[in-house]
Amino acid sequence: MHVPKGAPLDEYEITYTLQNKTTKETKSVTDKVYLQQELWKDENWEVIGDPTSRLVKEGYQAPIKDLSITDAQGVDYTKEIIENPYYNLLFVSYNLDKANLKALNKVNELAKRASEEYNIRTVLLTASTAQQVSELDSQTKLYAETFFADAIPLKSMVRANPGIMLLKNGIVVKKWHYRTLPSFETLAKRYFEHLD
C-alpha cells in the first residue's frame, strides 16, 4: 500500500504562459526553458494565469491503493489491522452469499482456535452488507471480528471466497485458498508456538 523508499516518483512538466508587457504577445514555455533561459530576469515578460502541469513519466504505483477497512459504522480500521505488530489471521470473503459455506465453517473453526489458544486476532473482511454478516452469524457463530472493504481490493488480496491471509506487522506471511487451508495444528506449529 506504500511507495518504497527510493522508488521513482511521478515526473511532471510545468508550463507557464508569459505575456510581453509592451506588445501583449503571449507564449508558453516549460519550466525547464523558463529556468534555462532565466526568463524571470527579463522584465519585458510576466507570467499570466496559473501554470499548468502535465504528467510526463509515471513513477512507482502502490499495488493496493484503494484499501479502506471499516467497521459497520464506517470507522476506519485500516492502519490498525494492517500494521498490527503481531500475527493477524484475515479471512477474506468478498461476497458471503457466493462463498463456500463448508469452507467458511472450516475458516471459522480456525478463527476460534487461534483466538482462544494463542490470542491471535482474527478478522473477517468482506464487501457484503452488515445484514448478510448477521445472517451468516446466526447460521454459524462467527469467531472473527467483522470489517468491511470494497470487493476489488479484497479480490486482489486473495483470489478465493473465502481465503486466508496471515499478516504480521503489515507483511503478508502466507496466504491460502480455501481448498488448501492448513490444519490448525500446522498453523500453530509453524507460526503460533514461537510467539515472543
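**Figure 1. Lys 168 over the ring of Tyr 87 in the predicted model.** Lys 168 lies over the face of Tyr 87, at 4.8 Å from the ring centre. The structure shown here and in the following views is a predicted model. Tyr 87 also belongs to a cluster in which ring pairs link Tyr 87, Tyr 118, Trp 176, Phe 184, Tyr 191 and Phe 192. Across the strand pairing, Lys 168 stands opposite Ile 171 in β8.

**Figure 2. The open sheet of five strands.** The strands follow the order β6-β5-β4-β7-β8, and their pairing is mixed. The edges are taken by β6 (145-148) and β8 (171-177); each has a single partner strand, so one side of each is left without a neighbour in the sheet. From one strand to the next, the twist averages 25 degrees. Strands β4 (residues 87-93) and β5 (residues 121-126) run parallel and are joined by six bridges. Within this pairing, Ser 93 has Thr 126 in β5 as its bridge partner. Helix α3 (residues 101-118) lies across β4, β5 and β7 (163-168), and runs at about 165 degrees to β4.

**Figure 3. Strand β7 and its two pairings.** Five of the six residues of β7 are buried, and the strand is thus mostly covered. With β4, the pairing is antiparallel and extends over six bridges; here Gly 163 in β7 is the bridge partner of Val 92. With β8, strand β7 likewise pairs in the antiparallel sense over six bridges. These two strands, β7 and β8, form a hairpin with two residues between them. In the turn, Asn 169 has a positive phi of about 55 degrees.

Figure 4. The peptide bond from Asn 161 to Pro 162 is cis, with omega near 10 degrees. Most peptide bonds, by contrast, are trans. Is Asn 161 buried or exposed? Its relative accessibility is 8%, under the 20% limit, so Asn 161 counts as buried. The side chain of Asn 161 reaches the backbone nitrogen of Tyr 94 at 3.4 Å. Leaving aside neighbours within four places in sequence, Asn 161 is in contact with several residues, among them Val 92, Ser 93, Lys 98 and Tyr 178.

**Figure 5. Aromatic pairs around Tyr 34.** A search of the whole structure finds eight aromatic pairs. One of them joins Tyr 16 and Tyr 34 in a tilted arrangement, 4.8 Å centre to centre with 35 degrees between the planes. Tyr 16 lies in strand β1 (residues 11-20) and Tyr 34 in helix α1 (residues 31-36), so this pair ties together parts that are 18 residues apart in sequence. Both Tyr 16 and Tyr 34 are buried. Tyr 34 also pairs with Trp 40: the ring centres are 6.1 Å apart and the planes stand at 50 degrees, so this pair is tilted. The relative accessibility of Tyr 34 is 15%, whereas Trp 40, at 45%, counts as partly exposed.

**Figure 6. Gln 19, Lys 24 and Trp 45.** Gln 19 is placed in strand β1 and counts as buried at 18% relative accessibility. Residues up to four places away in sequence not being counted, Gln 19 touches Lys 24, Glu 25, Thr 26, Asn 44, Trp 45, Glu 46 and Ile 48. Of these contacts, Trp 45 has a lysine over its ring: Lys 27 lies over the face of Trp 45, at 4.4 Å from the ring centre. Lys 24 lies in the loop between β1 and β2 (26-30). At 51% relative accessibility, Lys 24 counts as exposed. Although Lys 24 is not a glycine, it has a positive phi of about 65 degrees.

**Figure 7. Asn 119 in the loop between α3 and β5.** The loop between α3 and β5 contains Asn 119. This residue is not a glycine, yet Asn 119 has a positive phi of about 55 degrees. Most residues other than glycine have a negative phi. The relative accessible area of Asn 119 is 70%, so the residue is exposed.

Key:
Residues are numbered from 1 along each chain as its sequence is written. This is a predicted model: local features need pLDDT of at least 70, side-chain atom pairs count only at pLDDT 80 or more; totals for chains, interfaces and linings use all residues. Side-chain values use heavy atoms; hydrogens and water are left out. Rings of Phe, Tyr and Trp (its six-membered ring) pair if their centres lie within 6.5 Å; planes under 30 degrees apart count as stacked, over 60 as edge-to-face and the rest as tilted. Helices (H or I, at least four residues) and strands (E, at least two) are DSSP runs, numbered from the N terminus. Buried means under 20% relative accessible area, exposed over 50%, partly exposed in between (1.4 Å probe, protein chains only). A charge sits over a ring if NZ of Lys or CZ of Arg is within 6 Å of the ring centre and within 35 degrees of the ring normal. Two strands pair if DSSP finds at least two bridges between them. Axes are lines fitted to C-alpha atoms, for helices over the stretch in contact, and angles run from 0 to 180 degrees between N-to-C directions. Contact means heavy atoms within 4.5 Å. A polar contact is a pair of N or O atoms within 3.5 Å; within protein, one must be able to donate a hydrogen and the other to accept it, and residues adjacent in sequence count only if both atoms are side-chain atoms.
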